[in-house]
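Open the model in your viewer and keep the selection panel at hand. Each stop names what to select and then what is there.

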Amino acid sequence: MTYFDDWEIRSADQRDASLAEFLPAQVAAAKTLPGFVQTLGTVEAGAVTSRAALAGLPVLRKSELTGAQAKAPPFGGFTVCPPGGFDHIFQSPGPIYEPGRVTDNWWRLGRFLHALGVGKGDIVQNCFGYHLTPAGMIFESGARAVGAAVLPAGTGQTELQARAAHDIGVTAYAGTPDYLKVILDKADALGLDLSRLRRAAVSGGALFASLRQEYADRGITCLQCYATADLGNIAYESPAMEGLIVDEGVVVEIVRPGTGDPVPDGEVGEVVVTTLNPDYPLIRFATGDLSAVLPGASPCGRTNMRIRGWMGRADQTAKIKGMFVRPEQVAELVARHAEVTRVRVIATRDGEMDAMTVKIESPATDATRYAPSVAEVLKLKGTVEIVPPGSLPNDGKVIDDQRSYG
């Protein structure tokens, strides 16, 4: 067994000592930034030397980050460098802006790809988007960190993707869990041999057991990571496939939703992350995702804390086809049409693919009139159904995720 570095196999005492060194410096850097002045301005950074001390600091929510960016674009006063000091500036739906660098494994995906077995000599077909959003560059940075070549495929154009994978001899895939199946099925239909493809690094959606097994039956090892545009890699699977191992460059807490209070190990709560990235020192950033701590250490030998993986959202936000759909977007959809009284987005599965149905309360009869608005506002296409006014439940729910994560 080889590891990305010795940090992965540190003892608990070694990891605590490292935290005692890095946390005060990170908090000290953050409290000087305009975005943190109100919440951390009076904090004694030198006293924040442990997870317990960290838990006493305020939680930063994405809505606060978005609000700060609106007042002080593009980063809201949360970065150490000015916008021109970064290599990239990304825009994610919201909109929300994130910085990026092309060097030094900046998002820390190298650790995950190494655990998957990707390295020198591999060719990674990177099917994450390169346009505005950072996912494509996040995974490209990780591939560079382990010495792999990259086919920057991006999204769509499946036939071209299948032909390129065959012609180039792609050995690994990076992208959402279900898009690899689309490529493989297209290759089968075209009679293209993709037998050299043996590893898949997936994120941006749920990896269902049936889909992972389908890949395994083709000889493809598929592992997932939990990463965000703001934080980079948070946790990742190893070949042991027993939960997700927390990355060494972040501190993860599981807290009671709506609070900053840590819950006992094993209890489901909201994932709160502190990043040790010196360029972008997010302190106790609430992801809105639900998970729980798994007891013990991974059988693979990596010793950091493990979490159970993505278990839904603390709010109603859902990730569908790799894109977040937020209640604010549903509200915008209602506001665009005076005759619409309510909208409910329903996420389901159609075979091994995510599916989205948008139910719209309206006296209209032609559902196609709303399709352009749905695609523009939600950034996704789905089935649009008109239902009579007053027929949707009056329960405050605007996004209904009916997918099973068991």
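Select helix 7 (residues 158–168) and helix 8 (residues 179–190). They are roughly perpendicular to each other (65 to 115 degrees counts as such). The packing angle is about 75°, and the axes lie 9 Å apart. Axes here are lines fitted to C-alpha atoms over the stretch in contact, and angles run from 0 to 180 degrees between N-to-C directions. Helices (H or I, at least four residues) and strands (E, at least two) are DSSP runs, numbered from the N terminus.

This is a predicted model: local features need pLDDT of at least 70, side-chain atom pairs count only at pLDDT 80 or more, and totals for chains, interfaces and linings use all residues. Residues are numbered from 1 along each chain as its sequence is written, and side-chain values use heavy atoms, with hydrogens and water left out.

Now show the side chains at the crossing. From helix 7, T158, E159, Q161, A162 and R163 meet Y179, V182, I183, K186, A187 and L190 of helix 8. Contact means heavy atoms within 4.5 Å.

Stay on helix 8. Which of its residues are buried? They are Y179, L180, K181, I183, L184 and A187. Buried means under 20% relative accessible area, exposed over 50%, and partly exposed in between (1.4 Å probe, protein chains only). These buried residues pack against strand 4 (123–126), helix 7, strand 6 (172–175), strand 7 (199–202) and helix 9 (209–217). Step off the end of helix 8 to G191, where phi is positive, near 75°.

Next, select helix 6 (residues 135–146). Its 12 residues reach 17 Å from first C-alpha to last, close to the expected 16 Å. That expected span is 1.5 Å times one less than the number of residues. Helix 6 is mostly covered, with 9 of its 12 residues buried. Among them are M137, I138 and F139. Just after helix 6, G147 has a positive phi of about 85°.

Most residues other than glycine have a negative phi, and most peptide bonds are trans. Select P73 and P74: their peptide bond is cis, with omega near 0°. P74 sits in the loop between helix 4 (62–71) and strand 2 (88–92). Then go to G94 and P95, also joined by a cis peptide bond, with omega about -10°.

Finish on two positive phi values. L132 has phi near 70° and lies in the loop between strand 4 and helix 6. K321 has a phi of about 55° and is partly exposed, at 37% relative accessible area.

Notes
Angles under 35 degrees count as roughly parallel, over 145 as roughly antiparallel, 65 to 115 as roughly perpendicular and the rest as oblique.
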